[in-house]
Amino acid sequence: MAAEFPGRKEQLVFLINNYDMMLAVLTERTSDDSKESESFQQLLNARTGEYVEEALAPGFGGMMTFVKDTEPALERGQASRIKVDQARLQQIVRGFSNDWKRNIDSINQDVMRSFSNFKNGQGILQAVLTQLIQYYHRFTKILSQPPFSNFKNGQGILQAVLTQLIQYYHRFTKILSQPPFSSMAGLRSQLVNIHHIMVEVKKHRTQF
């Protein structure tokens, strides 16, 4: 049935919602570690990971492609073979700096519309934002190495993204502290502590 949807992201939303629903039914009828539950959990995790990439691609695809194209050569010690495209880098950095807030807001709205299970939706949004941060860390790491080390990317972009992530977590926890979510103590306990995120902000701040 998923094939009836025209786009891959829509197909993934359909699959994730159905896997999540089946997993909830199985959990009620069997144990969490039953073979059936484990199988659906693996399917859910795999499709969620694919959805994360699909969700990020429209707004951050340029940076993601650059990272995927460039990392292998650096890891093989072939930096001298990399052709530095200053115009491409400027476009990626400028686009990221100008549009990251709007893109994150768009992802947030899309996730909230797409997933009927509030807990699952929040987990997926957390996964999307975490993956975005990881891509940006990888991007800044690449720019700190030859032949990119002379390239100057704007300042404070990473800090701004992580600050926005913290703001989302503030909003999440505020929502979860109010009815009808205030009784969902188990869900609140699963959220990453904001203080841990702030520690990461300080730990991974890149200097150029």
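Contact here means heavy atoms within 4.5 Å. The structure is a predicted model.

**Overall make-up**

The protein chain has seven helices and zero strands. Read from the N terminus on, its elements run α-α-α-α-α-α-α. Of the 208 residues in the protein chain, 38% are buried. Among the contacts with a separation of 6 or more, 71% are between residues 24 or more positions apart. The accessible surface of the protein chain is about 12200 Å², and 51% of that surface belongs to carbon and sulfur atoms.

**Packing of the helices**

Two packed helices are described by the angle between their axes and the distance between the axes.

| Pair | Angle between axes | Distance between axes |
|---|---|---|
| α1 and α2 | roughly 155 degrees | within 9 Å |
| α2 and α3 | about 160 degrees | 8 Å |
| α3 and α4 | roughly 170 degrees | within 10 Å |

Helix α1 covers residues 8-29. Its axis crosses that of α2 at roughly 155 degrees, and therefore α1 is roughly antiparallel to α2, since angles over 145 degrees count as roughly antiparallel. The crossing of α1 and α2 is left-handed. On the α1 side, the residues that meet α2 include Leu12, Ile16, Tyr19 and Leu23, and their partners in α2 include Phe40, Leu44, Arg47 and Tyr51. The contact of α1 with α2 consists of 13 nonpolar, four polar and seven charged residues.

Helix α2 spans residues 35-75 and helix α3 spans residues 86-114. With an angle of about 160 degrees between them, α2 is roughly antiparallel to α3. Their crossing is left-handed. Residues of α2 in this contact include Tyr51, Ala55, Gly59, Phe60 and Met63, while those of α3 include Ile92, Phe96, Trp100 and Ile104. By class, the contact of α2 with α3 has 13 nonpolar, five polar and three charged residues. Tyr51 and Ala55 of α2 take part in the contact with α3, and both are also listed in the contact with α1.

The axes of α3 and α4 cross at roughly 170 degrees, so α3 is roughly antiparallel to α4. From α3, the residues that meet α4 include Leu89, Ile92, Val93 and Phe96; from α4, they include Leu125, Val128, Leu132 and Phe139. The contact of α3 with α4 holds 16 nonpolar, three polar and no charged residues. Leu89, Ile92, Phe96, Ile104, Ile107 and Val111 of α3 meet α4, and these residues also belong to the contact with α2.

Leu132 lies in helix α4. Leu132 counts as buried because its relative accessibility is 3%, and buried means under 20%. The C-alpha atom of Leu132 is 8.2 Å from that of Phe60, although the two residues are 72 residues apart along the chain. Phe60 is itself one of the α2 residues in contact with α3.

Gln131 is also placed in helix α4, which runs over residues 118-143. Its relative accessible area is 18%, so Gln131 is buried as well. Apart from neighbours within four places in sequence, Gln131 is in contact with Val52, Glu53 and Leu56. Of these, Leu56 is also listed in the contact of α2 with α3.

Pro147 lies in the loop between α4 and α5, the latter being residues 157-176. A cis peptide bond joins Pro146 and Pro147, with omega at about 5 degrees.

Note on methods:
Residues numbered from 1 in each chain as written. Predicted model: local features only at pLDDT ≥ 70, side-chain atom pairs only at ≥ 80, totals over all residues. Heavy atoms only, no water. Axes fitted to C-alpha atoms, helices over the stretch in contact; angles between N-to-C directions. Helix = DSSP H or I, 4+ residues; strand = E, 2+ residues; numbered from the N terminus. Parallel < 35°, antiparallel > 145°, perpendicular 65-115°, else oblique. Left-handed = near helix turned anticlockwise from the far one by under 90°. Nonpolar A, V, L, I, M, F, W, Y, C, P; charged D, E, K, R; others polar. Buried < 20%, exposed > 50% of the residue type's maximum accessible area, 1.4 Å probe, protein only. Areas by Shrake-Rupley, 256 points an atom, 1.4 Å probe, with all protein chains shown as cover.
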